[in-house]
Amino acid sequence: MATTSAPAGAKRVPGRAAWSRPRGGAVGVGVVRYLVLIAFLVVFLLPFLWIWSSAFKTSIEIARDPFALPSALRWENLQRAWTVGRFDRYIWNSVIYCTAIVAGVVALSCLAGYALALLPLPRRNAILVLFLLGLMVPFQSVMIPLYYLLRDIHLLETYWAFIVPGIALRLPFGIFLMRGFFRGLPPELADAARLDGANEWAVFRQVMLPLATPGLATLVVFQFMFTWNQFLMPLVFVQRDELRPVSLGTMFFFGRYTADRGMIAAGVTIAMLPVVLLYLVLQRRFIEGITAGALKT
Amino acid sequence: MADIVLGTTARRGGARRHWARYRAGYLFVLPAFLLYAVFMIYPLVQSIYLSFTDWNGVEATKNFVGLANYRRLFGDALLRVSLGHTLIWVVVGTIGPLVIGLLLAVLLWRRPRGFTLFRTAFFMPQVLSSVVIAIVWGWIYNPVFGILNRGLDSVGLDGLSRGWLGDPSLALYAVLVAAIWAETGFVFVVFLAGLQNVSKDLLEAATVDGANAWQRFRNVTVPQLANVVNVVTALLLIGGFSVFDVVFAMTQGGPANATEVIATYTYKEAFTQNRIGYAATLSLVITVISLVASVAFIRLRERGES
């Protein structure tokens with residue numbers, strides 16, 4: 001770069017040089033790039049905009065011109081979906097499920113992930129393989145006996161029918177994620193605290209866990225999104241409508257009011273709003289969480 | 001080092017020393033392990049047991065029928081159909097997000113103007129539940145007011161308009177398109193993260209050596225992404241073999257089993273036909289396929305890392 005005999009384009013910022021050498025071509029590439037990007041932007045966003053605008057339309061308006069904006073901001077659809085369509089109940093149920101399951105998964109995964117990463121433990125590999133098994137098999141592998149197990153211990157038709165297996169089956173993922181984060185911490189810190197007389201609980205709670213906060217936040221976001229959207233498990237274990245989470249409630253709501261398109265659009269909007277808003281606010285956490293979940297477990 | 005020394009003293013000191021040394025580890029792992037053992041390992045073993053019975057879920061006794069359920073797998077026409085659909089699903093549903101996700105990640109690699117807007121939009125479907133995806137796309141495909149047919153009509157392609165989900169030859173692909181729409185955002189962000197680790201020096205060296213854009217992509221970028229590609233492919237494959245949510249919410253396997261996949265078939269055998277024994281056998285087919293795919297993936301990744 002520093003030599004005087006460098007080609008003309010080489011004085012530019014290094015990162016740029018490789019891409020903008022043939023000037024005319026670069027402009028063409030830029031235009032094509034944006035055309036492709038904007039085309040995909042439309043494909044990914046249009047369904048959202050269509051549903052959200054339909055939530056303010058009457059069923060007749062929806063059928064007349066799907067691309068038109070609503071003629072007026074009608075809130076009735078949303079109101080009816082909330083009360084008549086029972087979304088008040090479904091959302092509340094989902095809040096209960098998500099709070100309990102996220103808390104359970106995070107607490108148990110932190111403890112076990114920490115021990116499997118940093119504490120002396122006999123047969124550590126055997127335990128790891130057992131948890132790895134849970135990461136590899138799908139829910140269907142245990143779905144049928146689990147249904148009868150929950151029935152026999154009288155948890156079916158209660159909130160616990162989703163909460164308990166909802167926590168248990170997500171432990172492998174949480175444990176491997178947290179173990180990865182704890183392994184990245186310097187163990188000398190724990191040793192120093194032990195020399196100062198701290199017991200193992202204090203070492204974990206006051207020294208190591210605070211350092212794993214980024215991992216914790218990742219797990220919370222990931223697990224929240226997973227539980228909010230979980231479908232098959234509540235479909236099988238939760239049959240009473242009063243107990244249904246919003247993912248499942250939406251499907252039965254759709255079945256009940258198929259012809260009332262305005263209300264359907266409103267219900268779907270309500271169902272997706274909490275998680276979409278959370279995504280827009282915590283976007284970086286979501287994306288980092290998903291990426292870490294894919295690459296670090 | 002310390003580990004080894006302490007280990008031997010613990011063994012010499014017997015159970016008490018063992019407990020003193022490992023107490024913290026045991027107590028930390030125990031809650032997770034108990035819950036996991038009761039609600040995951042036990043049902044998993046139970047699945048194998050049920051597959052040797054003809055239980056219907058109601059009777060108190062479970063009749064042992066030996067390998068009858070397993071023999072039945074081979075003559076089951078609907079299983080063959082479901083497996084065929086699952087295979088199509090896995091292939092198309094993996095390649096689709098992979099290609100589109102990589103394309104979008106490469107286009108946004110250098111963070112051009114509007115980067116945040118594009119990234120936000122491309123990832124957004126990923127946060128939706130499959131029921132929401134199913135309803136939204138069911139509307140898009142609706143023959144009466146769906147935007148797909150309206151769009152085709154407005155550009156003069158009305159000949160192509162149809163009830164997409166009602167046509168047995170198209171329904172599976174229609175559901176696949178919805179799934180790809182939802183899944184691409186995930187692949188895209190993982191590739192975007194992977195691209196941050198691709199060496200710009202190597203790319204520039206290749207440019208100086210006269211490599212064109214495609215050659216640089218093919219021979220410099222892609223090999224450095226190999227690990228990320230493996231991970232993403234494996235996750236899509238493993239998820240694909242047990243796909244249930246979006247298919248069930250959109251078509252319930254219909255019309256006329258045109259979108260039946262192995263997971264929807266298993267669900268119906270278990271919870272609408274009450275053939276628990278046979279359904280357990282079917283669920284083991286999914287289990288074995290997933291296990292084989294996962295183990296193959298782990299081997300592949302270990303080879304890639306060493």
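**Labels and their grounds**

Modeller: I start with a kink of about 45° at A:Leu273 in helix 15 of chain A, shortly before the proline A:Pro274. Bear in mind that this is a predicted model.

Biologist: What makes the span of helix 15 of chain A close to the one expected?

Modeller: Helix 15 covers residues 261-281, which is 21 residues. From first C-alpha to last, helix 15 of chain A reaches 29 Å, and 30 Å is expected at 1.5 Å a residue.

Biologist: What about A:Arg123, and how do you know whether it is buried or exposed?

Modeller: A:Arg123 has 9 other C-beta atoms within 10 Å. The limit for exposed is 12 or fewer, so A:Arg123 is exposed. A:Arg123 also has a positive phi, about 55°, without being a glycine. The residue lies in the loop between helix 5 and helix 6 (124-136) of chain A.

Biologist: Why is A:Leu155 called partly exposed?

Modeller: A:Leu155 has 17 other C-beta atoms within 10 Å. Buried needs 20 or more and exposed needs 12 or fewer, so A:Leu155 falls in between and is partly exposed. A:Leu155 is in the loop between helix 7 (140-152) and helix 8 (160-168) of chain A. Leaving aside residues up to four places away in sequence, A:Leu155 touches A:Leu150, A:Trp160, A:Ala161 and A:Val164.

Biologist: How far is A:Leu155 from A:Leu219 in sequence and in space?

Modeller: They are 64 residues apart in sequence, and 27 Å lies between their C-alpha atoms.

Biologist: What does the domain assignment of chain A give?

Modeller: It gives domain 1 (25-79) and domain 2 (85-256). Over C-alpha atoms, the centres of domain 1 and domain 2 of chain A are 36 Å apart.

Biologist: How does chain A stand against a compact globule?

Modeller: A compact globule of 297 residues would have a radius of gyration near 19 Å, but chain A has 26 Å. The C-alpha trace of chain A spans about 80 × 75 × 35 Å along its principal axes. Of the 297 residues, 44% count as buried. Chain A has 16 helices and 0 strands. For contacts in chain A between residues at least 6 apart in sequence, 74% join residues at least 24 apart.

Biologist: And how does chain B stand by that rule?

Modeller: For 306 residues the compact globule would be near 19 Å in radius of gyration, but chain B has 25 Å. Its C-alpha atoms fill a box of roughly 80 × 60 × 30 Å along the principal axes. Buried residues make up 41% of chain B. The secondary structure of chain B comes to 12 helices and 0 strands.

Biologist: Which residues in chain B does a cis peptide bond join?

Modeller: The cis bond joins B:Gly254 and B:Pro255, and omega is about -10°. B:Pro255 is in the loop between helix 10 (245-251) and helix 11 (262-271) of chain B.

Biologist: How many residues of chain B are in contact with chain A?

Modeller: 68 residues of chain B are in contact with 74 residues of chain A. Helix 1 (residues 2-50) of chain B gives the most to the side of chain B that touches chain A, with 18 residues. By class, that side has 49 nonpolar, 13 polar and 6 charged residues.

Notes
Residues numbered from 1 in each chain as written. Chains lettered and ligands numbered in written order. Predicted model: local features only at pLDDT ≥ 70, side-chain atom pairs only at ≥ 80, totals over all residues. Helix = DSSP H or I, 4+ residues; strand = E, 2+ residues; numbered from the N terminus. Expected span 1.5 Å × (residues − 1). Bend = angle between axes of the 7 residues up to and from the residue. Contact = placed C-beta atoms within 7 Å. Nonpolar A, V, L, I, M, F, W, Y, C, P; charged D, E, K, R; others polar. Rg over C-alpha atoms; globule rule 2.2 N^0.38 Å. Domains from an automatic or database assignment.
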